[in-house]
Amino acid sequence: PTGDPVDPDGLPRYNELVIYCPNWYTPNQLAEITVPSDTRTVPPVEDESQWAAEIEAIKRAWSGNTVTLTQLMRSCAVTESSGTSWRGAVRFETRLRPSQDQWNDYKDGVLDWDDLSWVQEIYGSQTGLRQVWVRIELQLMPGSEAVAGNPEAQQPICFFGSAALYYEMHR
């Protein structure tokens with residue numbers, strides 16, 4: 001996605017998202033998925049079940065643009081009530097400051113502007129600084145050549161990282 005958002009004051013469109021996840025059909029592949037033709041508005045942040053259903057549908061569909069970032073991601077068997085499935089060893093954790101619950105409480109008049117958890121207490125009478133923080137944990141397996149003599153001894157290599165985005169919120 002490039003350019004300005006369609007609705008800067010509203011929710012994004014699906015074609016404005018970039019999704020990072022294990023490939024649904026090949027879990028040892030880390031994929032980047034975009035859906036340039038989907039102009040629908042995403043669900044509200046707090047509607048976790050709708051988000052989960054929509055993202056799962058995008059991951060399973062072949063209609064989006066999928067780019068494989070690596071084929072070396074560790075995958076593990078997970079036993080569930082429906083049987084055994086394979087999952088890629090990657091985790092993304094996000095944190096909003098102030099949180100969405102705090103922002104909703106402020107909008108509902110339950111929480112005062114000055115009591116929001118502003119990043120480094122950076123706020124004024126009309127605007128405040130919000131942080132979106134993402135932590136990434138990824139496990140990669142060395143290529144087959146690295147362990148050709150002893151494939152049983154193959155050990156995953158762990159990577160940890162994070163990124164943050166900051167923007168103003170208006171009273």
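Predicted model: local features only at pLDDT ≥ 70, side-chain atom pairs only at ≥ 80, totals over all residues.
Colleague: Let us begin with helix 2, residues 100-107; which of its residues are buried?

Modeller: A residue is called buried when its relative accessible area is under 20%. In helix 2, the buried residues are Gln100, Gln102, Trp103 and Tyr106. Because these residues cover an arc of only 160° around the axis, they lie on the same side of helix 2.

Colleague: What covers the buried residues of helix 2?

Modeller: The cover includes three strands, namely strand 6 (90-97), strand 7 (127-140) and strand 8 (157-170). If you follow the chain just past the end of helix 2, you come to Gly109, which takes a positive phi of about 85°.

Colleague: I would like to turn to charged side chains; how many salt bridges does a search of the whole structure find?

Modeller: The general idea is that side chains of opposite charge can pair when their charged atoms come close. In this structure, a search of the whole model finds 7 salt bridges. One of them joins the side chains of Glu54 and Arg40, with 3.1 Å from N to O. Glu54 belongs to helix 1 (residues 48-60), while Arg40 sits in the loop between strand 2 (30-34) and helix 1, so this pair ties together parts that are 14 residues apart in sequence.

Colleague: Are Glu54 and Arg40 buried or partly exposed?

Modeller: Here the two partners have to be read one at a time, with the relative accessibility of each in hand. Glu54 counts as buried because its relative accessibility is 16%, whereas Arg40, at 41%, counts as partly exposed.

Colleague: Which side chain does Arg87 meet in a salt bridge?

Modeller: Arg87 meets the side chain of Glu80, and the N to O value is 2.2 Å. Arg87 is partly exposed, with a relative accessible area of 41%, and Glu80 also counts as partly exposed, at 32% relative accessibility.

Colleague: Where in the chain do Glu93 and Arg135 lie?

Modeller: The side chains of Glu93 and Arg135 meet in a salt bridge of 2.3 Å, again from N to O. Glu93 is in strand 6 and Arg135 is in strand 7, 42 residues apart, and the pair therefore links distant parts of the chain. Glu93 is partly exposed, with a relative accessible area of 32%, and Arg135 counts as partly exposed at 27% relative accessibility.

Notes:
Residues numbered from 1 in each chain as written. Heavy atoms only, no water. Buried < 20%, exposed > 50% of the residue type's maximum accessible area, 1.4 Å probe, protein only. Helix = DSSP H or I, 4+ residues; strand = E, 2+ residues; numbered from the N terminus. Arc of directions from axis to C-beta. Contact = heavy atoms within 4.5 Å. Salt bridge = Lys/Arg side-chain N within 4 Å of Asp/Glu carboxyl O.
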